[in-house]
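Keep the structure in view as you read.

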Amino acid sequence: MSDALARLGDVDWAALRHAYGAADDVPGMLRDLYRPGRAAAAADDLLTHVHHQGGAVCSSAPAALAYVVAAAADPAIAGEVRLELLDLVESLADAANTAAPRFVSAAWPAAWDRAVTDLLRLLDDPVAVHRAAVADALAQAHQRADEVIAALRTRWALESTPRTRLRLIDAVGSLIVHAAEQRGFSVGWLRELMDGAEPSVRLAAVQALRRALPGRDDPAYARTVADVLSGSEPAMWRPGRGTAEATVVWAVGLLGEDRAGVAAATHRLLGHPDPSVRAGALRAAAQALSRRRSAVPELLPAVARSLSDPEPDNRLFAARVLGMCGHAARPWADALAAMVTDDGEPYLPARSHAIWALSRIGDVRCVPPLVRGLAQARLGFAYHASHADGWWTYELSLTEVAAGLSAHADVLLPPLRARLAAASALDERRVLCQVLEAWGAAAAPAIPDLLGLLDTHAAVWALDALAAIGPAAAQAVPRERLRALLDAPPADQPFAPRSLALAYGRLTGDREPALALLIPQLGEPYDQQNAAVLLAELGPPGAAYAGRLRELLTVHQEGWLPLRVGEALWRITGQADEVVPVLVRAIAPFAERGGAYRAVVETVELLAEIGPGAAPAEPVLRAFLDADERPVRHGTWRSVPEDDELCAAARAALHAMSAPDGR
């Protein structure tokens with residue numbers, strides 16, 4: 001301990017900084033690494049203080065680095081503590097390589113260079129997991145790439161532990177782009193490994209080559225991935241690193257932009273005898289479909305064949321992918337309809353997803369099973385919509401399934417009203433009200449049921465539904481009852497006053513309560529959107545607020561505020577020329593970088609309403625329509641529906657721009 005901490009007191013730690021201020025507490029953390037009872041906590045404290053959340057290398061990091069590496073090399077310190085310290089070293093080095101130079105301490109390069117020399121010696125550590133962690137840290141040694149690659153390959157020739165061998169390959173792949181003398185030779189070495197016999201090594205070599213040769217697709221990658229995953233057992237693919245399902249998704253992802261390779265590998269794996277491999281192939285297909293429009297004809301027919309997969313969860317997933325793709329799944333409507341009959345799909349979650357898929361297609365055969373479901377104690381759909389990314393097969397919400405079925409309200413209303421009458425939980429009442437709100441005027445027979453909820457904790461959603469129904473509801477609701485609700489909103493719902501005031505104005509035409517509540521927020525940092533929504537609904541009578549809206553119009557470049565303020569100003573003044581450039585500027589970046597979200601779709605819908613005056617938006621709208629890569633968020637069930645909405649809105653806007661009367 002005394003040798004390892006020599007000269008610790010010579011450092012002016014108080015003059016250095018970490019994430020929480022002066023670094024005068026770092027020496028205590030370093031000393032505690034050698035005190036068994038405190039070592040684990042000390043390693044954790046170093047991570048949270050010296051590295052924190054990354055994005056920078058503070059001045060205490062280079063001063064502490066040598067002591068951290070020395071402790072990581074000390075066999076007297078517990079193995080799990082040493083491993084955590086090696087992870088800290090890698091994290092700091094990664095931050096130094098990726099952060100903006102102004103956020104990296106000037107002392108770091110010299111300290112890191114000395115640490116690399118010490119880490120190279122640790123490649124021969126007796127503990128395999130430590131050797132793997134050392135390899136991960138050395139993968140950040142960009143300035144000494146040739147020397148480190150040589151050492152990693154020497155170690156690989158001696159290494160017997162499978163997981164450590166894979167990490168050594170990963171590290172070489174990461175360093176090749178920074179190498180000179182070792183570059184060509186190492187690429188050749190990786191190609192030899194890719195063509196070898198050991199499945200896990202072959203896949204690791206593909207990953208390393210993708211890192212070493214970024215942006216270069218090679219048909220050999222697809223052949224290797226398909227051969228390995230089809231010709232060997234899942235346990236041999238990535239020892240100790242995730243399930244077969246996750247490995248398939250990862251391995252297909254290695255193929256990058258090789259569309260033909262992705263399609264061929266996915267088709268092949270969808271026929272694999274192992275159900276977990278087929279599950280991974282379905283997820284890989286979903287990922288490709290969420291990203292590219294051209295993947296639909298390439299992959300959807302193969303996914304549809306999985307509706308008859310022996311594994312129930314694979315049938316569920318296939319139905320969900322078809323539902324995600326909406327009208328493109330029409331050729332398989334009969335197969336989906338067969339799943340929703342009493343004698344069809346025995347696995348209820350898969351049956352629920354087939355109902356949703358039929359509703360997305362617009363197929364009336366989704367209605368009878370939904371009627372039956374509404375009458376059963378177990379609905380089969382969630383009361384909340386989930387917006388999680390990824391491919392979790394959580395329950396779909398009732399609103400996702402039923403909101404677009406207003407044309408069938410006459411059949412669906414009786415069981416829905418009966419369920420609403422029997423419901424007592426807020427979540428259930430809310431979702432049923434939201435379905436009625438989506439149906440609008442078609443939900444008019446449910447007005448008595450909604451009136452009965454105005455004295456409950458579901459009043460906000462009941463009033464929203466009544467406002468959406470329109471004139472028939474306005475005639476049925478006593479105004480004094482609504483005013484009483486405004487005066488005494490549910491105390492445990494902070495959003496209630498705003499929502500009730502807006503719905504009251506929509507239902508009665510009396511905007512004064514909402515104006516009094518929301519207009520003071522128009523110049524505040526938050527909640528400006530609600531005031532703008534109100535002014536948009538007010539239209540020309542809101543002319544007194546046009547000046548304040550103009551001031552807000554260019555405050556933000558993207559997001560909801562330009563849309564809400566622009567819409568309000570246009571509905572008040574009717575002048576497109578001051579609004580359209582702001583709206584176009586707000587959506588144009590998404591035509592290039594993707595990631596469009598709901599505000600972008602609604603902006604395009606507004607441009608369709610504006611009509612010929614929105615002509616400056618034409619290039620952006622055509623870019624949305626001409627793209628193969630969907631200009632929305634990828635990797636989620638909502639990707640295709642959101643892209644469908646965006647395309648429909650863009651087509652409507654282009655048509656409106658070209659129509660003489662703007663319609």
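What volume does the second largest pocket have? The answer is about 550 Å³. Of the 19 residues that line this second largest pocket, Glu437, Arg506, Val533, Arg564 and Glu602 are the closest to its centre. Bear in mind that the model is predicted.

**The second largest pocket**
- Four helices each supply at least two residues of the lining of the second largest pocket: H27 (496-508), H29 (528-538), H31 (560-573) and H33 (598-610).
- Sorted by class, that lining has 11 charged, 5 nonpolar and 3 polar residues.

**The largest pocket**
- The largest pocket has a volume of about 860 Å³.
- It is lined by 32 residues, and the closest to its centre are Arg360, Glu400, Arg638, Pro641 and Glu645.
- Helices H18 (348-361), H20 (398-402) and H35 (639-658) each give at least two residues to the lining of the largest pocket.
- The lining of the largest pocket divides into 14 nonpolar, 9 polar and 9 charged residues.

- Rolling a probe the size of a water molecule over the atoms shows where empty space is left.
- How many cavities of 30 Å³ or more does the structure hold? There are 3.
- The largest cavity contains about 50 Å³ of space.
- The residues that line the largest cavity are Leu166, Asp170, Ser200, Leu203, Ala204, Gln207, Trp237, Arg238, Arg241 and Trp250.
- H10 gives the most, with 4 residues in the lining of the largest cavity.
- By class, the lining of the largest cavity has 5 nonpolar, 2 polar and 3 charged residues.

**Helices H8 and H9**
- Helix H8 spans residues 162-175, and helix H9 spans residues 183-194.
- These two helices pack at an angle of about 140°, and their axes are 10 Å apart.
- H8 and H9 are therefore oblique to each other.
- Their crossing, H8 with H9, is left-handed.
- On the H8 side, Ile169, Val172 and Gly173 take part in the contact. They meet Ser186, Trp189, Leu190 and Leu193 in H9.
- The residues of the contact of H8 with H9 divide into 5 nonpolar, 2 polar and no charged.

**Helices H32 and H34**
- What is the angle at which helix H32 and helix H34 pack? The angle is about 30°, with the axes 9 Å apart.
- H32 covers residues 580-593, and H34 covers residues 618-626.
- Why does H32 count as roughly parallel to H34? Angles under 35 degrees count as roughly parallel, so the packing angle of about 30° makes H32 roughly parallel to H34.
- The crossing of H32 and H34 is left-handed.
- From H32, the contact uses Val584, Ile587, Ala588, Phe590 and Ala591. Their partners in H34 are Val620, Ala623 and Phe624.
- The contact of H32 with H34 has 8 nonpolar residues, with no polar and no charged ones.

Conventions. Residues numbered from 1 in each chain as written. Predicted model: local features only at pLDDT ≥ 70, side-chain atom pairs only at ≥ 80, totals over all residues. Heavy atoms only, no water. Axes fitted to C-alpha atoms, helices over the stretch in contact; angles between N-to-C directions. Parallel < 35°, antiparallel > 145°, perpendicular 65-115°, else oblique. Left-handed = near helix turned anticlockwise from the far one by under 90°. Contact = heavy atoms within 4.5 Å. Nonpolar A, V, L, I, M, F, W, Y, C, P; charged D, E, K, R; others polar. 1 Å grid on protein atoms, 1.4 Å probe; cavity = no way out; pocket = protein on both sides within 12 Å on 5 of 7 lines; lining within 4 Å. Points joined across faces, edges and corners; volume = space filled by probe spheres on them.
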